[in-house]
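User: I would like to learn how to read salt bridges and sheets in a protein model. Please take me through an example.

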Amino acid sequence: MEKVYSGRIKDILKDKEGNVFLYFKDQVADEQGMSEVDTVAEVVDWEGAGESRLKSSIYFFNLLDKIGVPHHFIEADLDERLMKVKPATVFGHGTEVFARHRAMGTFYRRFDKYLRRGEELKQCAVEVKVKDPYREKAIIAPGVAEALGIFTKEEYNAIEEIALTVAQAVKEDLAQYDLELYDIKLEMGRLEDGTVAVIDEIAGEDMRVFKGPQFVPADQLVKHLGL
């Protein structure tokens, strides 16, 4: 297969028939919890990380199927750490969508005058940020995004609706394991027919999950889910 793009923890591959695959490397960003820091995180080798992230992605994309949320996942090969996906394009140079049930991370630091760390929000809050590991991730408003040609207001509304739907579904799903979702990060893009869809991966590194007062790391989340 031809390597189309080499990322920090994943590669994008294409076979002779034009099918697109994500290859999950045995590497992770050296951060605890959801990645939203404003500086470049060091990528470290971690045996089994690729398989772990792929397992959780399969689990959560199957959940999206059940609730009717569009996504790019087709099938996966755990032995090869490959995920076959529908072709998709990112918004602009890439965006990250955060859906928050509780105040954590940069959200808490920005609004610490209004709430305590870990406090439950009155409703799930969605933020869309410009994806850039080399500079501060700026929150982008619908009008600004439209002015920059990143996405339309209609696409922004679709992004927000999908984020709220996914965040609620994941929260309810994890609750059956006595786990609580505090917040989750998603990546979205356009499928070939223009549909706004969840793309990339949905792994434990992309969410903050707690069991009571205890934070659940990504590798432990996979075990809790029985994967």
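User: Which residue forms a salt bridge with D178?

Analyst: A salt bridge is a side-chain nitrogen of Lys or Arg within 4 Å of a carboxyl oxygen of Asp or Glu. Here D178 pairs with K211, with 3.4 Å between the closest N and O atoms. The two residues are 33 residues apart, D178 in the loop between α4 (153-175) and β11, K211 in strand β13. Helices (H or I, at least four residues) and strands (E, at least two) are DSSP runs, numbered from the N terminus. This is a predicted model, in which local features need pLDDT of at least 70 and side-chain atom pairs count only at pLDDT 80 or more, while totals for chains, interfaces and linings use all residues. Residues are numbered from 1 along each chain as its sequence is written, and side-chain values use heavy atoms, with hydrogens and water left out.

User: Is D178 buried or exposed?

Analyst: Buried means under 20% relative accessible area, exposed over 50%, partly exposed in between (1.4 Å probe, protein chains only). D178 has 53% relative accessibility, so D178 counts as exposed. K211, at 33%, is partly exposed.

User: How many salt bridges does the rule give?

Analyst: The count is 19. One of them joins E201 to R53, with the closest N and O atoms 3.0 Å apart. E201 lies in the loop between β12 (196-199) and β13 (207-211) and R53 in helix α1 (residues 49-67), so this pair ties together parts that are 148 residues apart in sequence. E201 is buried at 5% relative accessibility, and R53 is buried at 2%. E96 and K185 also meet in a salt bridge, at 3.7 Å from N to O. Salt bridges can also link up in a network, as they do for R100, R110, E127, D183 and R208.

User: In what order do the five strands of the open sheet come?

Analyst: Two strands pair if DSSP finds at least two bridges between them. The order is β1-β2-β3-β7-β6, with antiparallel pairing. β1 (2-6) and β6 (73-77) stand at the edges with a single partner strand each, so one side of each has no neighbour in the sheet. Between β2 (residues 10-14) and β3 (residues 20-24) there are five bridges; K10 has F24 as its bridge partner in β3.

User: Which strands does α1 touch?

Analyst: Contact means heavy atoms within 4.5 Å. Axes are lines fitted to C-alpha atoms, for helices over the stretch in contact, and angles run from 0 to 180 degrees between N-to-C directions. α1 packs on the sheet and touches β2, β3, β6 and β7 (82-85), its direction making about 145 degrees with that of β6.
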